[in-house]
Amino acid sequence: MPVSVGLLIRSETTTVFDLLRQSMGHRRRLEMTECSICSAPIEGQGHDPDPLGDPKKDRCCDWCREHLVIPAQERRKEVARWKEEVRG
Ligand SMILES: [Zn+2]
């Protein structure tokens, strides 16, 4: 009797751990992305790296968005404004 109960608990534990490991692996595959700029792993969905990457397939991390993508977007706006001024 104690042996069968022990086996039952052990097999249930294994099943729970297996399920947990599977769901964690599944979540990692779904959510972990690589930053298209610095190659750091991204938690969650990441950000649109436009104009420093392809907005259709690339994602970037928080750091690159703050330090590279937003300044690049500002610069692009400035250039567009400057071009309009030159054109008159
Ligand atoms: Zn990055």
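Which element of the protein has the lowest mean pLDDT, and which the highest? In this predicted model, helix 1, covering residues 2–31, has the lowest mean value among the elements, at 61. Helix 2, covering residues 62–87, has the highest, at 96. The average pLDDT of the protein is 83, and 69% of the residues score at least 70. Where pLDDT is low, the predicted coordinates should not be read in detail.

The secondary structure consists of 2 helices and 2 strands, arranged in the order α-β-β-α from the N terminus. Of the 88 residues in the protein, 11% are buried. Among contacts between residues at least 6 apart in sequence, 19% join residues at least 24 apart.

The largest nonpolar core is made up of 6 residues, namely Cys35, Ile42, Cys60, Cys61, Cys64 and Val69. In soluble globular proteins, nonpolar side chains tend to be buried together.

A kink of about 30° occurs at Val69, shortly before the proline Pro71. The number of buried residues in helix 2 is 2 of 26, so the helix lies largely in the open. Gly88 follows helix 2 and has a positive phi, near 85°.

Ser39 is located in the loop between strand 1 (33–34) and strand 2. Its phi is positive, about 70°, although Ser39 is not a glycine. Most residues other than glycine have a negative phi, and most peptide bonds are trans. Ser39 counts as exposed because it has 9 C-beta neighbours inside 10 Å, and a residue with 12 or fewer is classed as exposed.

The loop between strand 2 (41–42) and helix 2 contains Asp48 and also Pro51. The peptide bond joining Asp50 and Pro51 is cis, with omega about 10°. Asp48 has 17 other C-beta atoms within 10 Å and is therefore partly exposed. Although Asp48 and Arg59 are 11 residues apart along the chain, their C-alpha atoms are separated by 5.4 Å.

Key. Residues are numbered from 1 along each chain as its sequence is written. This is a predicted model: local features need pLDDT of at least 70, side-chain atom pairs count only at pLDDT 80 or more; totals for chains, interfaces and linings use all residues. A nonpolar core is a set of buried Ala, Val, Leu, Ile, Met, Phe, Trp, Tyr and Cys residues joined through C-beta atoms within 7 Å. A residue is buried if 20 or more other C-beta atoms lie within 10 Å of its own, exposed if 12 or fewer, and partly exposed in between; C-beta atoms are placed from the backbone. pLDDT is the predictor's confidence in each residue, from 0 to 100. Helices (H or I, at least four residues) and strands (E, at least two) are DSSP runs, numbered from the N terminus. Two residues are in contact if their C-beta atoms, placed from the backbone, lie within 7 Å. The bend at a residue is the angle between axes fitted to the seven residues ending there and the seven starting there.
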